[in-house]
Amino acid sequence: MNMKVSSRLGWFFGLIAICSLILIPTLADARGSFGGSRGGGGRSSGGSRSFGGSRGSSRPSAPSYSRPSPRPSYSRPNSPSSSFGRSSTPAPRSSFGGTRLNSGSDYTRSYGIPRKSTPMTLPNSSGANQNYVVHNYGGRGDGFMMGYMMGSVPFMWRTPFHPAYYYTQPSYVTMPDGSVEVYPPTFSYSTLIFTLLVGGFIIYIVIKVLRRRRMGIGSNSSFD
Amino acid sequence: MRSFSIESNGRLENTAIYFNGEQLSGVKEIFLNLDEDGTFDAILRYEGTDKVIYTKQIFTEYFENVKVRPPSYSEDEAQNLQLLTVESDGDIRNTTVLRNDEQLDGIISLFVHLKNNVTKDGGIKSLFSRAPESNEPTVFRAEITFRNSDDSTEVEGVFS
């Protein structure tokens, strides 16, 4: 009976870990920026959290299904990280997935007033110039934000071996005048926890296999 | 007349069991207790091809669903191993014990107890089950008691 319970427990945790493996890339893409602590920030945390891709809107009171961006809401870029800058669409991403950011105040409510705001103009994928306001808070997130703004990020950024993996992607807010405000990535505790879970699961399996192999009887023996 | 052999260097990891020339597999326990007084216990416990554990009298019962495997050791490797063979029909009077193919005489008793307590439960499922890790140690005991010409007795390990 006890064996059955522990076996089922093992399967349960195994399933959780496998689900984690599947979900981690999604989480890495997701924008769970609020509620964590931002590198170098030290500001208060809290605030809203929702699913997905930062949706830009100048109307904080706007309902979640309305989207002021002229871009269609039913398409979601395959690589959200490259949706900013030269290589892809500059505007906020689709309504589906990620974390919604209604306005810049959502971000500043959690992370405070930016230390520096830099306006810049970059061409978007259609060749037209797009105005951006890049908010810097200092710390590691700023560096990652600029990396994302370059258009494409190194593969290492998507692996657990790089700190950027544990950060969300930049948050974008489209202003009424068409410009886009960019807020730096924030540390994602959920990604960290899931990574630790999966890593722990893998280590557990390896130790189990090694221990079993050590305790086991050799392949030459009739006792197997 | 059946032939039952144990080839080993004293470690269970390097122990091959032969029955009528075929190497067995899936063996869990061997218990031989032969005595000149007529005691004849020869028991083999093994896991069959149907995953069922069988307990059989070695020299009198049929080994149902026993697993056999190709010989593990080459002749060169066997040089480092001791081979104990018991040929019998289940009666102590018709029992011959050989060590490294040499017949032994003057045996008072033969005691062999080999037991593997490591449970092999294959598959990924087994990685999550805390199951049956027995506290009993692996058993490897094999002794022959001889009677010397001066009527003294001497106990010898078989595989050491």
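**Note on the two-chain model**

1. Helix α3 of chain A, residues 140-149, is mostly covered, with seven of its ten residues buried. The buried set is Gly141(A), Asp142(A), Phe144(A), Met145(A), Gly147(A), Tyr148(A) and Met149(A). The cover over these residues includes three strands of chain A: β1 (116-123), β2 (129-136) and β4 (180-183). Just after the helix, Gly151(A) has a positive phi of about 115°.

2. Chain B has a mean pLDDT of 88, and 88% of its residues reach 70 or more. Within chain B, confidence is lowest in helix α1 (residues 75-78), at a mean of 87, and highest in strand β6 (residues 53-57), at 95. Where pLDDT is low, the predicted coordinates should not be read in detail.

3. Chain A holds four helices and four strands. Their order along the sequence is α-α-β-β-α-β-β-α. Of its 224 residues, 46% count as buried. Take the contacts in chain A between residues at least 6 apart in sequence: 63% of them join residues at least 24 apart. The accessible surface is about 11,500 Å², and carbon and sulfur atoms account for 64% of that surface.

4. Chain B has one helix and 13 strands. Its pattern is β-β-β-β-β-β-β-α-β-β-β-β-β-β. Of its 160 residues, 43% are buried. Among chain B contacts with a separation of 6 or more, 53% come from residues 24 or more positions apart.

5. Strands of a sheet pair through backbone hydrogen bonds, either parallel or antiparallel.

6. Strand β3(B), residues 22-25, pairs with β7(B) in the antiparallel sense over three bridges. Leu24(B) has Val68(B) as its bridge partner in β7(B). On to the next pair: β2(B) and β3(B) are antiparallel over two bridges. Here Phe19(B) is bridged to Glu22(B) of β3(B). The two strands form a hairpin with two residues between them, and Asn20(B) in the turn has a positive phi of about 50°.

7. Strand β1(B), residues 2-8, pairs with β2(B) in the antiparallel sense over five bridges. Ser5(B) finds its bridge partner in Tyr18(B) of β2(B). This is also a hairpin, with six residues between the strands; Gly10(B) in the turn shows a positive phi of about 100°.

8. Is strand β2(B) mostly covered or exposed? Strand β2(B), residues 15-19, is mostly covered: five of its five residues are buried. In a regular strand the side chains alternate between the two faces of the sheet. For β2(B), both faces are covered. Thr15(B), Ile17(B) and Phe19(B) are buried on one side, Ala16(B) and Tyr18(B) on the other.

9. Aromatic pairs over all chains number 13. In one of them, the rings of Phe4(B) and Phe59(B) have centres 6.4 Å apart and planes at 80°, so the pair is edge-to-face. Phe4(B) sits in strand β1(B) and Phe59(B) in the loop between β6(B) and β7(B), so the pair ties together parts that are 55 residues apart in sequence. Phe4(B) is buried, at a relative accessible area of 1%. Phe59(B) also counts as buried, at 5%.

10. Phe19(B) and Phe63(B) form a tilted aromatic pair, 4.4 Å centre to centre with 35° between the planes. Phe19(B) belongs to strand β2(B), while Phe63(B) lies in the loop between β6(B) and β7(B), so this pair ties together parts that are 44 residues apart in sequence. Both residues, Phe19(B) and Phe63(B), are buried.

How values were computed
Residues numbered from 1 in each chain as written. Chains lettered and ligands numbered in written order. Heavy atoms only, no water. pLDDT = per-residue confidence, 0-100. Pairing = 2+ DSSP bridges. Buried < 20%, exposed > 50% of the residue type's maximum accessible area, 1.4 Å probe, protein only. Contact = heavy atoms within 4.5 Å. Areas by Shrake-Rupley, 256 points an atom, 1.4 Å probe, with all protein chains shown as cover. Phe/Tyr/Trp six-rings, centres within 6.5 Å; stacked < 30°, edge-to-face > 60°.
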